[in-house]
Amino acid sequence: MIACGLSVLGVLGYKKISREIYLRTLLKDNIVFEIPVLDIKVPVLEGTDNDKLAVSAGHFPGTGEVGSGNYCIAGHNSTIYAEIFNDLDKIQIGDEMFLIDIDENRTRYRYVVTEYNIVAPTAIEVLKDYGDDRITVISCTDDGQYRQVVTGIKE
């Protein structure tokens with residue numbers, strides 16, 4: 001029993017260490033999204049398919065670019081998948097969010113939270129271009145029935 005228990009702990013420890021190494025590689029090689037007040041720092045991969053959202057946030061194709069337009073990202077609020085946005089409901093108007101580009105200078109764009117809304121999963125209007133520079137962060141509510149939408153305007 002002890003050997004079996006130690007084996008299970010060893011496997012779990014290996015998985016955690018492997019995930020941490022993989023996350024550090026993703027943070028180095030990709031756009032990074034941060035909400036310092038919530039201690040969130042995640043890579044942003046292109047696309048929002050399940051494989052990407054299992055390990056990171058994902059950028060909705062066809063929405064803004066880093067630093068311009070409506071840059072829309074999604075991430076899980078889940079204990080089953082990547083727990084990226086589990087604390088998103090704690091964000092406050094006025095909090096800072098940052099996008100860090102993968103350019104040679106790792107340009108850092110600052111956004112200030114202006115809105116927090118709960119919407120239906122079909123509310124795709126949050127992805128449209130509003131004619132300004134913003135970030136839109138989307139995640140499920142705790143029960144998965146609705147979507148949390150956080151909007152930040154670039155300063």
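User: On what conventions do the values rest?

Analyst: In this predicted model, local features need pLDDT of at least 70 and side-chain atom pairs count only at pLDDT 80 or more, whereas totals for chains, interfaces and linings use all residues. Residues are numbered from 1 along each chain as its sequence is written, and side-chain values use heavy atoms, with hydrogens and water left out.

User: Which strands does β6 pair with, and by how many bridges?

Analyst: Strands are DSSP runs of E, at least two residues, numbered from the N terminus; two of them pair if DSSP finds at least two bridges between them. Here β6 (residues 108–119) runs antiparallel to β5 (residues 96–100), with 5 bridges; E96 has V112 as its bridge partner. Strand β6 also runs antiparallel to β8 (residues 147–154), joined by 8 bridges, and V119 is partnered with R147.

User: How many aromatic pairs does the structure hold?

Analyst: Rings of Phe, Tyr and Trp (its six-membered ring) pair if their centres lie within 6.5 Å; planes under 30 degrees apart count as stacked, over 60 as edge-to-face and the rest as tilted. The search of the whole structure finds 1 pair.

User: Are F33 and F85 buried or exposed?

Analyst: Buried means under 20% relative accessible area, exposed over 50%, and partly exposed in between (1.4 Å probe, protein chains only). Both F33 and F85 are buried.

Technical notes
Helix = DSSP H or I, 4+ residues; strand = E, 2+ residues; numbered from the N terminus.
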